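Come along while I look up a few residues and how they sit together.

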Amino acid sequence: PFVGHGLGMALVHEGRVYVFAGDWGTEKKWQIREIQMVSSADLETWTAPRVVLRANPDEHFFNVSVCRGPDQFTLLIETNDPRWPAFTFKYFRSEDLIHWEQIPDAYYGVEKYVGGPALYFEGGYYYTLYLQSLGDRYYETRVTRSKDLVHWQDAPDGRPFVTFNPENRVHPLRPPEIRERNASDAELCYWDGKTIVYYTGGDQQFAGDLQVAEFAGTPRELLERFYD
């Protein structure tokens, strides 16, 4: 049911899978004006796509992430809102995963480049994973957290969430002297007593691969380590 959609994510809640993605049709890739949602209890029968968020007239959407908070759902959206650098994050709240309200003053990235987000709620904090530019087209994923989605506490600069290995070759089809300079789009999955972190390596522009790391503990334990 999601032909012509991209930059999506899935959330499992009370026996259903909810998939959110941007509608870019067949010819307007990266020109997302709407976020749509479908859901399923068996991964075979799906609801019809439903528009849950529309961009303002002067912006487009990109990546989306949704999590369950203590008393509501929270949605993070990348935007190219002309007031700030791309791809500033905006945050919305909902009680039913369908009707979303923007949270006043809830932004991240208004003073710097960010991207590739993921949103989690653990131990009373909302954690946002985001892409940090190191200059000269080098990127790593960092973490920040907030209790109210307005005031943010970044992990120390020297503690990236995941970073690149400058000894890794980028891709067999790329010149051998080009080395990895990117670790982006990190996501967490708790499975069998371990937190699995998967993210994109490569050089951010021409070539990448899916890389995996493991942590022997829960997502909360992993995220809190960056603030020890």
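This is a predicted model: local features need pLDDT of at least 70, side-chain atom pairs count only at pLDDT 80 or more; totals for chains, interfaces and linings use all residues.

**Entry 1: V12**

I started with V12, which is exposed because its relative accessible area is 63% (buried means under 20%, exposed over 50%, partly exposed in between, with a 1.4 Å probe and protein chains only). V12 sits in strand β1; strands here are DSSP runs of E with at least two residues, helices are runs of H or I with at least four, and both are numbered from the N terminus.

Residues are numbered from 1 along each chain as its sequence is written, and side-chain values use heavy atoms, with hydrogens and water left out.

**Entry 2: the cores**

Which residues touch the most other members of the largest nonpolar core? I found F20, L53, V66 and W100, in a core of 20 residues. (A nonpolar core is a set of buried Ala, Val, Leu, Ile, Met, Phe, Trp, Tyr and Cys residues joined through side-chain atoms within 4.5 Å.) The elements giving two or more residues to this core are β1 (5–13), β2 (16–23), β3 (34–40), β4 (50–54), β5 (61–68) and β6 (73–79).

I then picked V66 and listed its contacts (heavy atoms within 4.5 Å). Apart from neighbours within four places in sequence, V66 is in contact with M9, L11, F20, T74, L75, L97, W100 and L119. There is also a second, separate core: it has 19 residues, among them A118, Y127, L129 and L188.

**Entry 3: aromatic rings**

I found 14 aromatic pairs in the structure. Rings of Phe, Tyr and Trp (its six-membered ring) pair if their centres lie within 6.5 Å; planes under 30 degrees apart count as stacked, over 60 as edge-to-face and the rest as tilted. One of the pairs is F161 with F226, which is tilted, with 5.1 Å from centre to centre and 35° between the planes. F161 belongs to the loop between β12 (153–154) and β13 (184–191), and F226 to the segment after α1 (219–225), so this pair ties together parts that are 65 residues apart in sequence. F161 counts as buried because its relative accessibility is 9%, and F226 is buried at 10%. I also noted one aromatic cluster formed by F89, Y91, Y108, Y130 and W152.

**Entry 4: salt bridges**

Side chains of opposite charge can pair when their charged atoms come close. For a salt bridge, a side-chain nitrogen of Lys or Arg lies within 4 Å of a carboxyl oxygen of Asp or Glu, and by this rule I count 11.

K90 bridges to E59, with the closest N and O atoms 3.2 Å apart. K90 is in strand β7 (residues 89–94) and E59 is in the loop between β4 and β5, so the pair ties together parts 31 residues apart in sequence. Buried or exposed, I asked, are K90 and E59? Both are buried.

D157 and R142 also meet in a salt bridge, at 3.2 Å from N to O. D157 lies in the loop between β12 and β13 and R142 in strand β11 (residues 138–146), so parts 15 residues apart in sequence are tied together. D157 is exposed, at 59% relative accessible area, whereas R142 is buried, at 12%.

R220 pairs with E224, with the closest N and O atoms 2.9 Å apart. These two are separated by about one helical turn because they are four residues apart in helix α1. R220 is partly exposed at 40%, and E224 is partly exposed at 26%. Salt bridges that share partners also join E59, D81, R83 and K90 into one network.

**Entry 5: G208**

My last stop was G208, in the loop between β14 and β15 (210–215). G208 counts as partly exposed because its relative accessibility is 39%. Leaving out residues up to four places away in sequence, G208 touches H171, T200, G201 and G202.
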